[in-house]
Amino acid sequence: MQIAYVVYDGFTALDLIGPYEVLSRWPDAEIHVVSSGEGPVATDMGLRVLPTDTPATLPRPDLIVIPGAEDPLPVLEDDVLVDWVRDASATATWCASACTGAALYAKAGVLTGRRATTHWAFREGLRAMGVDVVAERVVVDGKVITGAGVSAGIDMALTLTAMVHGEERAKALQLAIEYDPQPPFSAGSPDTASASTLRLALRMLLGDAPLHRVAGIARHTVRSLATRPG
């Protein structure tokens with residue numbers, strides 16, 4: 001199975017590496033890293049990745065995996081990548097994403113009429129793109145499987161593994177990577193985090209970016225903070 005991991009400037013490393021550690025262990029996995037250009041690609045934290053393919057060299061992968069980014073908007077202007085996602089998704093067996101990677105599918109028209117999930121701070125942004133957004137960690141709608149923010153990419157990959165290779169192999173892969181979440185704090189969701197933690201997280205996510213650049217990222221969350229104590 002040809003697995004195409006999509007990379008672009010500013011993507012979030014764990015969005016890619018989490019699913020990569022699971023899906024690349026499939027017995028029939030053929031690994032490809034696709035970028036619209038040929039040079040190294042830098043993540044949002046400066047890690048550099050060297051692509052193996054361009055859209056021209058990998059027109060019909062079996063599985064597409066798209067990571068998200070803290071700022072999901074610039075990649076949506078990459079017409080070469082958007083056109084490839086649109087065309088490759090039509091023939092792919094599976095289309096997967098983590099975090100705001102769902103936005104690239106939405107831009108390409110892949111999520112039209114489908115349910116999907118994304119990072120909690122981008123739900124309103126994705127909804128504005130005409131997607132039926134739900135607040136779930138993993139959503140499967142036909143051949144499209146989306147994961148919520150960052151670490152949910154691992155859950156997405158394990159869910160897809162169970163669908164393709166059976167639950168027993170998915171469990172074995174979960175054990176192989178020792179994925180046994182026991183977070184030190186109950187702050188991994190906007191539903192459990194305090195208002196002060198939400199404010200700090202939003203400042204970390206948005207940085208100095210003006211609101212028009214993030215196109216509604218977390219607007220709903222920002223409005224809700226006014227009614228929450230703490």
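## Basis of the description

Helices are DSSP runs of at least four residues, and they are numbered from the N terminus. The model described here is predicted.

## A salt bridge within helix H2

The structure holds seven salt bridges, and one of them joins Asp83 to Arg86, with the closest N and O atoms 2.9 Å apart. Both residues belong to helix H2, which covers residues 79–91, and because they are three residues apart there, about one helical turn separates Asp83 from Arg86. Asp83 is partly exposed, its relative accessible area being 37%, and Arg86 is likewise partly exposed, with a relative accessible area of 37%.

## Salt bridges between separate parts of the chain

Side chains of opposite charge can pair when their charged atoms come close. Arg114 and Asp141 meet through their side chains in a salt bridge of 3.5 Å, taken from N to O. Arg114 sits in the loop between helix H3 (102–107) and strand E7 (115–116), whereas Asp141 belongs to strand E9 (residues 138–141), so this pair ties together parts that are 27 residues apart in sequence. Arg114 has a relative accessibility of 21% and therefore counts as partly exposed.

A further salt bridge is formed by Arg115 and Glu136, whose closest N and O atoms are 3.1 Å apart. Arg115 counts as partly exposed at 29% relative accessibility, and Glu136 counts as partly exposed at 37%.

Ser97 lies in strand E6, which is made up of residues 94–98. With a relative accessibility of 0%, Ser97 counts as buried, because the cut-off for that class is under 20% relative accessible area. When its neighbours within four places in sequence are left aside, Ser97 is in contact with Ile66, Ala102, Tyr105, Ile145, Thr146, Gly147 and Met156.

## The largest pocket

The largest pocket contains about 1,100 Å³ of space. Its lining is formed by 39 residues, and those lying nearest the centre of the pocket are His119, Trp120, Gly149, Gly188 and Ser189.

Helix H7, which spans residues 195–206, gives the most to the lining of this pocket, contributing six residues. Sorted by class, the lining of the largest pocket comprises 22 nonpolar residues, 10 polar residues and seven charged residues.

Terms used. Residues numbered from 1 in each chain as written. Predicted model: local features only at pLDDT ≥ 70, side-chain atom pairs only at ≥ 80, totals over all residues. Heavy atoms only, no water. Helix = DSSP H or I, 4+ residues; strand = E, 2+ residues; numbered from the N terminus. Buried < 20%, exposed > 50% of the residue type's maximum accessible area, 1.4 Å probe, protein only. Contact = heavy atoms within 4.5 Å. Salt bridge = Lys/Arg side-chain N within 4 Å of Asp/Glu carboxyl O. 1 Å grid on protein atoms, 1.4 Å probe; cavity = no way out; pocket = protein on both sides within 12 Å on 5 of 7 lines; lining within 4 Å. Points joined across faces, edges and corners; volume = space filled by probe spheres on them. Nonpolar A, V, L, I, M, F, W, Y, C, P; charged D, E, K, R; others polar.
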